[in-house]
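Dear colleague,

Please find the structure below, handed over for your review. My notes on it follow.

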Amino acid sequence: MPFDHLHATISALKNGLTSLPLGSAMDNTETWQQQLLQSGQPGLQDIAREVGNLQSLLTNGAFDAAAIANSLSMLGDQTSEAASQAPADLQPLLTELADLLHRHGGDLLAHAERTGE
């Protein structure tokens, strides 16, 4: 897992979900999905499958905020689990990524509930 890509993903999420153009977000998730699928580790491959689910939700044409929020939260849970088993130098970055995914998932779900999306 390249540190540069991890830092770029965290930086993008810190700027908010809507600050990243959809094309860039899809490129980012595609890169993660490929790397995680090729890891050979079942937990990381599960994350890759959820990333694929998120990609589908983002590109299916019907914006389902609640489903996207749930996917982000699931990715946060999976990333948190991966962080606990990662090398010590990756743990803080993965924990930060997990926290950002949880926060954005929760914010999006709250928005969906307020607006009925």
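**Findings**

Gln55 is found in helix 3, where helices (H or I, at least four residues) are DSSP runs numbered from the N terminus. At 9% relative accessibility, Gln55 counts as buried; buried means under 20% relative accessible area, exposed over 50%, and partly exposed in between, with a 1.4 Å probe and protein chains only. Leaving aside neighbours within four places in sequence, Gln55 is in contact (heavy atoms within 4.5 Å) with Met26, Thr29, Glu30 and Gln33.

Please note that this is a predicted model, in which local features need pLDDT of at least 70 and side-chain atom pairs count only at pLDDT 80 or more, while totals for chains, interfaces and linings use all residues. Residues are numbered from 1 along each chain as its sequence is written, and side-chain values use heavy atoms, with hydrogens and water left out.

The average pLDDT (the predictor's confidence in each residue, from 0 to 100) is 89 for the protein, and 97% of the residues score at least 70.

Helix 2 comprises residues 22-37, 16 residues in number, and reaches 22 Å from its first C-alpha to its last, close to the 22 Å expected at 1.5 Å a residue; the expected span is 1.5 Å times one less than the number of residues. Its buried residues are Ala25, Met26, Asn28, Thr29, Trp32, Gln33 and Leu36. Seen down the axis of helix 2, these fall within an arc of 160 degrees, so they line one face of the helix; the arc is that of the directions from the helix axis to the C-beta atoms. They pack against helix 1 (3-14) and helix 3 (42-59).

Helix 1 has twelve residues and reaches 16 Å between its first and last C-alpha, close to the 16 Å expected at 1.5 Å a residue. The buried residues of helix 1 are His5, Leu6, Thr9, Ile10, Ala12 and Leu13. Seen down the axis of helix 1, they too lie within an arc of 160 degrees, so they line one face of the helix. Helix 2 and helix 5 are included in what covers them. Just after helix 1, Gly16 takes a positive phi of about 105 degrees.

**Nonpolar core**

Which residues touch the most other members of the largest nonpolar core? They are Leu6 and Ile47, in a core of 27 residues. A nonpolar core is a set of buried Ala, Val, Leu, Ile, Met, Phe, Trp, Tyr and Cys residues joined through side-chain atoms within 4.5 Å. Helix 1, helix 2, helix 3, helix 4 (65-85) and helix 5 (91-115) each supply at least two residues of this core. Apart from neighbours within four places in sequence, Ile47 is in contact with Leu36, Leu75, Gln78, Thr79 and Ala82.

**Salt bridges**

The structure holds two salt bridges, each a side-chain nitrogen of Lys or Arg within 4 Å of a carboxyl oxygen of Asp or Glu. In one, Lys14 pairs with Glu96, the closest N and O atoms being 2.8 Å apart. This pair links distant parts of the chain, with Lys14 in helix 1 and Glu96 in helix 5, 82 residues apart. Glu96 counts as partly exposed, at 26% relative accessibility.

Asp46 forms a salt bridge with Arg49, with 2.6 Å between the closest N and O atoms. Both residues lie in helix 3, three residues apart, about one turn of the helix. Asp46 is partly exposed, with a relative accessible area of 36%.

With kind regards
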